[in-house]
Amino acid sequence: GIRFASTTASLKTETEVDTSENEVVAPNFTNRNPRNLEQMALARKERGWKTTWPKRDFWHRLRLERTQHYVEAFVERSNGDVVVSASTREWAIKRHLYSPKGVAACKNLGRVMAQRCLEAGINFVNFKAIIPWEHRCDSIQEFEKAMEEGGVVLREPRRIYR
Amino acid sequence: MAAPLLSTALRGARGGRCFGTAGVLWKRAAPLGPMPNEDVDVDKLEVLEKYRSFARYWRQAERESREPRWWNTYRKHSDPPAEPQTDIGLPRVRLSRAKEIKERKRILRENHRNAEMERAARLRTVLIPLDDVRAEWERTSGPFHKQRVAKHCGVFRDLFQGATFTPWVALRVQYSQEDEHLVPVYYGNMVTPSEASSPPAVSYEADKGSLWTLLLTNPDGHLRDADSEYLHWLVTNIPGSDIKAGKEMCHYLSPFPAMGTGYHRFIFLLFKQHGPIDFSQDARPTPCYSLKMRTFSTFDFYRKHKDAMTPAGLAFFQCRWDSSVTSTFHQLLNMREPVFEFVRPPTYHPPQVKFPRHQPLRYLDRYRDTEEPTYGIY
């Protein structure tokens with residue numbers, strides 16, 4: 001009788017204590033996620049460097065490096081840290097290609113790179129770091145088309161100032 | 001630099017107003033390292049190898065810009081120098097390298113002999129199978145790439161205070177929806193809270209008889225303390241890869257990133273246990289909707305059990321507010337929903353100077369406490 005009443009009373013206080021403290025919320029909230037501000041388009045881009053090329057006003061930049069023997073693609077931040085990379089030097093890609101350089105290699109590298117960027121959550125990249133007269137060549141055009149078809153937008157959203 | 005100072009000093013000594021040179025701050029000294037282009041022999045320019053193309057020059061310039069320099073650079077100021085990272089993961093299992101290289105060379109030789117592959121490459125019709133590439137990547141360079149992305153998302157900094165590990169075990173996490181649609185979780189992709197409302201299907205390669213622990217934590221969402229995390233799911237002593245057979249210490253709670261706070265990371269950690277561990281201290285009551293009980297610190301949890309388990313797998317997703325979070329707050333957590341707003345840090349102005357040079361009248365407006373603009377008032 002009494003014991004039963006006391007157990008029910010204690011259970012009720014437990015659930016009350018459980019959720020009544022949830023209401024207490026600190027007025028200032030800090031989000032430690034380093035990718036939060038850039039995904040909300042509120043982070044700063046390095047707007048200086050206007051007299052040099054390539055400029056550094058981006059959150060993520062896509063850089064395609066075509067050497068004599070291989071083709072490599074990097075997505076990096078403005079401070080130079082590489083976030084996602086793909087290259088025909090990797091065994092996973094090299095085994096399926098006849099030659100690790102050339103237009104076919106660039107096209108397939110674009111497809112693989114687009115998949116890896118989407119998996120890493122990078123949907124917008126800046127693709128301005130290509131030499132203007134080289135931009136018209138077949139391999140870079142195929143790479144760009146493969147990235148667009150893969151779902152990555154090659155244009156970063158404008159920062160929200162107000 | 002010495003000549004103007006000497007003449008001003010002499011002018012001061014001869015007559016007229018004295019000019020003190022006690023304010024000289026610099027003194028000439030040898031440079032602390034090699035000057036740039038010191039190794040270029042300017043006398044023998046014909047012998048020097050030229051770039052002959054902009055692309056070659058640009059590639060060299062990019063490589064040089066990433067080199068650390070002995071003079072002060074913005075990079076040194078903004079990025080702190082990397083400390084040596086302690087590795088807390090599993091040791092790497094290296095198979096016979098010579099056999100691997102021999103096998104790869106054989107495959108490449110076959111590719112070169114294959115006429116169809118050559119024709120497809122020449123006509124640019126070759127399309128490599130992305131699934132096979134991904135499977136091979138997960139086995140070879142996947143763990144390193146995942147570690148790199150996790151480092152940039154601050155996972156190691158926030159969960160383990162800098163200690164890193166390479167996720168050798170490929171963790172496949174998939175949320176299934178009502179219409180048989182599967183939402184996978186890779187390293188950093190976007191998943192909405194309504195998609196993540198029920199526990200996901202987790203699979204990984206495990207030997208028979210091995211024990212694992214799976215943990216889902218949110219380091220960003222804590223409403224009271226910025227340094228602690230919320231525990232969303234803890235399953236321990238999992239035999240092999242069968243999650244259902246493991247002991248669920250804390251039942252699954254769907255993500256609840258508050259409105260206005262932006263994107264939160266939700267990190268799945270897979271630990272390999274060396275033997276059965278007693279997790280009774282970390283057991284939460286079965287319907288645990290108290291945020292105080294869910295407050296968690298992965299660093300303390302790992303430090304408590306670090307002799308008995310090592311981190312082996314990692315997967316994380318980014319999540320932001322949507323309407324299902326409101327129902328989570330109201331029904332499950334039994335509280336009013338908090339709504340936040342982004343507050344910009346105040347714009348920086350350099351310290352005020354008594355006689356500012358080349359500044360407009362609104363210079364004074366920047367330092368006044370009240371709002372009294374000096375323009376637009378007429």
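In the predicted model, strand S1 of chain B, which spans residues 172-176, is joined to S2(B) by 4 bridges, and the two strands run antiparallel. Within this pairing, Val173(B) stands opposite Val185(B) of S2(B). Both strands belong to an open sheet of 3 strands in chain B, ordered S2-S1-S4 and paired in antiparallel fashion. Because strand S2 (182-185) and strand S4 (201-203) of chain B each have a single partner strand, they stand at the edges of the sheet, and one side of each is left without a neighbour there. On average, neighbouring strands of this sheet are turned by 25° against each other, direction being ignored.

Over all chains, a search of the whole structure finds 25 aromatic pairs.

A stacked arrangement is found for Phe266(B) and Phe317(B), at 5.4 Å centre to centre and with 15° between the planes. Phe266(B) is located in strand S8 and Phe317(B) in strand S10 (residues 309-319) of chain B, so this pair ties together parts that are 51 residues apart in sequence. Phe266(B) counts as buried, at 0% relative accessibility, and Phe317(B) is buried with a relative accessible area of 0%.

In chain A, the charged end of Lys45(A) sits over the ring of Trp59(A), 4.5 Å from its centre, while that of Arg56(A) sits over the ring of Trp49(A), 3.7 Å from its centre.

Conventions. Residues are numbered from 1 along each chain as its sequence is written. Chains are lettered from A and ligands numbered from 1 in the order in which they are written. This is a predicted model: local features need pLDDT of at least 70, side-chain atom pairs count only at pLDDT 80 or more; totals for chains, interfaces and linings use all residues. Side-chain values use heavy atoms; hydrogens and water are left out. Two strands pair if DSSP finds at least two bridges between them. Axes are lines fitted to C-alpha atoms, for helices over the stretch in contact, and angles run from 0 to 180 degrees between N-to-C directions. Rings of Phe, Tyr and Trp (its six-membered ring) pair if their centres lie within 6.5 Å; planes under 30 degrees apart count as stacked, over 60 as edge-to-face and the rest as tilted. Buried means under 20% relative accessible area, exposed over 50%, partly exposed in between (1.4 Å probe, protein chains only). A charge sits over a ring if NZ of Lys or CZ of Arg is within 6 Å of the ring centre and within 35 degrees of the ring normal.
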